[in-house]
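Colleague: I would like to go through this model with you. Could you show it first?

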Amino acid sequence: GAASPVANTRVACVAINSSGKNGFACVLWAKGKFVANSFGVGLAVDGTAVVNKIDAKGGAKKIWKKRLPAARVEVLVPDFKGKPASVEAVVDSPVDIFNHNIETVPSLYRTARPGGRYDRSLGVLRHAKETARSRGRKRLTKGGLMLGLGEEHAEVADVLRDLREAQCDILTLGQYLRPSREHLAVARYVTPAEFAQLRAQA
């Protein structure tokens, strides 16, 4: 982790070069306009550079592309309280993947995601895809779901259908792990067989 120029923020990032070895440390501050939030910066094993904020001129993306020409830039965004203009601003920026996490099934939103709304999160993904299409931009949309909070299989299946109807291109499913005693307890650990079943179903 490297200290950020933004108060109370730390950024942890590592890049992987073409040989697959760890390469340079975080260089995304070089343009002066890039601000990373508390989610930080990272590089997925598939070569996707994951960033949280990118300036309108593409400063952060240009740096990633210079160091990793094959990398795609993914931005993880909140629900923007349902404000369409904020979604459109991200779609208009030079990113490749628009990521917004659904987090959990609708029945668990009140306890697991207070302040969030399931329909609003779906709307963010839907609006991102529709905006990109209307402007002739190629943007992949991505959603994420935590498992092990007490959801039923049928509820997860419903979320998969809802995401497909919202034109979501990519889905990540992961086991919920309790960050601290102040967070919700793990209801159960999902087996590898169940993950495989959900993958096939998705």
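This is a predicted model: local features need pLDDT of at least 70, side-chain atom pairs count only at pLDDT 80 or more; totals for chains, interfaces and linings use all residues.

Modeller: Residues are numbered from 1 along each chain as its sequence is written, and side-chain values use heavy atoms, with hydrogens and water left out.

Colleague: How many helices and strands does the protein chain have?

Modeller: The protein chain has 6 helices and 8 strands. Both are DSSP runs numbered from the N terminus, helices being H or I with at least four residues and strands E with at least two. Along the sequence the pattern reads β-β-β-β-α-β-α-β-α-α-β-α-β-α.

Colleague: And what share of the residues is buried?

Modeller: Of the 202 residues in the protein chain, 40% are buried. Buried means under 20% relative accessible area, exposed over 50%, and partly exposed in between, with a 1.4 Å probe and protein chains only. The chain exposes about 11200 Å², of which carbon and sulfur atoms supply 54%; these accessible areas come from the Shrake-Rupley method with a 1.4 Å probe, and for residues only the protein chains shown count as cover.

Colleague: Which residues touch the most other members of the largest nonpolar core?

Modeller: They are Phe98, Ile102, Val156, Val159 and Leu163, in a core of 30 residues. A nonpolar core here is a set of buried Ala, Val, Leu, Ile, Met, Phe, Trp, Tyr and Cys residues joined through side-chain atoms within 4.5 Å. At least two residues of this core come from each of β5 (72-76), α2 (84-92), α4, β7 (140-147) and α5. Helix α4 gives the most, with 6 residues.

Colleague: Let us take Leu163. What is it in contact with?

Modeller: Leaving aside neighbours within four places in sequence, Leu163 is in contact with Ile102, Leu122, Leu125, Cys168 and Leu171. Contact means heavy atoms within 4.5 Å.

Colleague: How do the axes of α4 and α5 cross?

Modeller: The axes of α4 (residues 118-134) and α5 (residues 153-165) come within 9 Å and cross at roughly 35°. Axes are lines fitted to C-alpha atoms, for helices over the stretch in contact, and angles run from 0 to 180 degrees between N-to-C directions. From α4, Tyr118, Leu122, Leu125 and Arg126 meet Asp158, Val159, Asp162, Leu163 and Glu165 of α5. These residues divide into 5 nonpolar, no polar and 4 charged. In that division Ala, Val, Leu, Ile, Met, Phe, Trp, Tyr, Cys and Pro count as nonpolar, Asp, Glu, Lys and Arg as charged, and the others, Gly among them, as polar.

Colleague: Switching to α2, which residues are buried there?

Modeller: Val87, Val90 and Val91 are buried in α2. Seen down the axis of α2, the buried residues fall within an arc of 100°, so they line one face of the helix; the arc is that of the directions from the helix axis to the C-beta atoms. They pack against β6 (97-99) and α4.

Colleague: What does Val91 touch?

Modeller: Not counting residues up to four places away in sequence, Val91 touches Phe98, Ala128, Thr131, Ala132, Arg137 and Arg139. Its relative accessibility is 1%. Val91 and Glu130 are 39 residues apart in sequence, and their C-alpha atoms are 9.9 Å apart in space.

Colleague: Now the loops. Where is Val105 found, and why does it count as buried?

Modeller: Val105 is found in the loop between β6 and α3 (109-112). Val105 counts as buried because its relative accessibility is 1%. Beyond its neighbours within four places in sequence, Val105 is in contact with Leu145, Glu151, Glu155, Val156 and Val159.

Colleague: Which residues other than glycine have a positive phi?

Modeller: Lys81 is one of them, with phi near 55°, and Gln167 has a phi of about 65°. Lys81 sits in the loop between β5 and α2 and counts as exposed at 58% relative accessibility. Gln167 lies in the loop between α5 and β8 (170-175) and is partly exposed, with a relative accessible area of 21%.

Colleague: And what does Gln167 touch?

Modeller: Gln167 touches Arg126, Lys129, Glu130, Arg133 and Thr141, not counting residues up to four places away in sequence. Gln167 and Thr141 are 26 residues apart in sequence and 7.7 Å apart in space, C-alpha to C-alpha.
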